[in-house]
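Please keep the sequence and the 3D view open side by side while reading my comments.

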Amino acid sequence: MQTSNILAKIEAPLFREGIPDFRVGDTVRVHYRIVEGEKERIQVFQGVVLKRHRAGVRSTFTVRKVSFTVGVERIFLLHSPRIDKVEIVSRGVVRRSRLFYLRNLAGKAARVRDAKD
């Protein structure tokens, strides 16, 4: 009990504000800050959220996109200072908490159904 109290105090200032409430199946656009030597640029990575790992400051989410017929997955730290912003492009309707089955699908079969807002 004592150690979790200490961890909570250490992690408290590291939480980010303004992160949208996205879920597995949503299509998101992640603006990620990349440092190359002295220069800094923002790279946009857009894809479907395959999974979320909820662990306080150590929370991550995995985003998958298909680029030139090659599937690309990237794991982002949710509270990382490198993430400039996360935009929700569309909401998806899924019945799973992990969408790893999308790795085996291609083309139209790999689509996630959109939510009717």
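Predicted model: local features only at pLDDT ≥ 70, side-chain atom pairs only at ≥ 80, totals over all residues.

1. I would begin with Asp26, which is found in the loop that runs between helix H1 (2–11) and strand S1 (27–36). Is Asp26 buried or exposed? Its relative accessibility is 0%, and since buried means under 20%, Asp26 counts as buried. A polar atom of the Asp26 side chain lies 2.8 Å from the backbone nitrogen of Arg23. When neighbours within four places in sequence are left aside, the residues in contact with Asp26 are Gly47, Val48, Val49, Ser90, Arg91 and Gly92.

2. The largest nonpolar core has 13 residues, and those with the most contacts inside it are Phe22, Val28, Val30, Phe61, Val63, Phe76 and Ile83. Two or more residues of this core come from each of S1, strand S2 (39–53), strand S3 (60–67) and strand S5 (83–90), and S1 gives the most, with four residues.

3. Leu77 belongs to strand S4, which covers residues 70–77. With a relative accessibility of 44%, Leu77 falls between the limits of 20% and 50%, and therefore counts as partly exposed. Leaving aside neighbours within four places in sequence, Leu77 is in contact with Arg58, Ser59, Thr60 and Ile83. The C-alpha atom of Leu77 is separated by 14 Å from that of Ile34, a residue 43 places away along the chain.

4. The largest pocket has a volume of about 250 Å³. Which strand gives the most to its lining? That strand is S3, with three residues, while S3 and S4 each supply at least two. The residues lining this pocket are Val48, Arg64, Lys65, Val66, Thr69, Val70, Gly71, Leu102, Leu105, Ala106, Gly107 and Ala110. Sorted by class, seven of the lining residues are nonpolar, three are polar and two are charged.

Key. Residues numbered from 1 in each chain as written. Heavy atoms only, no water. Buried < 20%, exposed > 50% of the residue type's maximum accessible area, 1.4 Å probe, protein only. Polar contact = N/O pair within 3.5 Å; in protein donor to acceptor, adjacent residues only side chain to side chain. Contact = heavy atoms within 4.5 Å. Core = buried A, V, L, I, M, F, W, Y, C linked by side-chain atoms within 4.5 Å. 1 Å grid on protein atoms, 1.4 Å probe; cavity = no way out; pocket = protein on both sides within 12 Å on 5 of 7 lines; lining within 4 Å. Points joined across faces, edges and corners; volume = space filled by probe spheres on them. Nonpolar A, V, L, I, M, F, W, Y, C, P; charged D, E, K, R; others polar.
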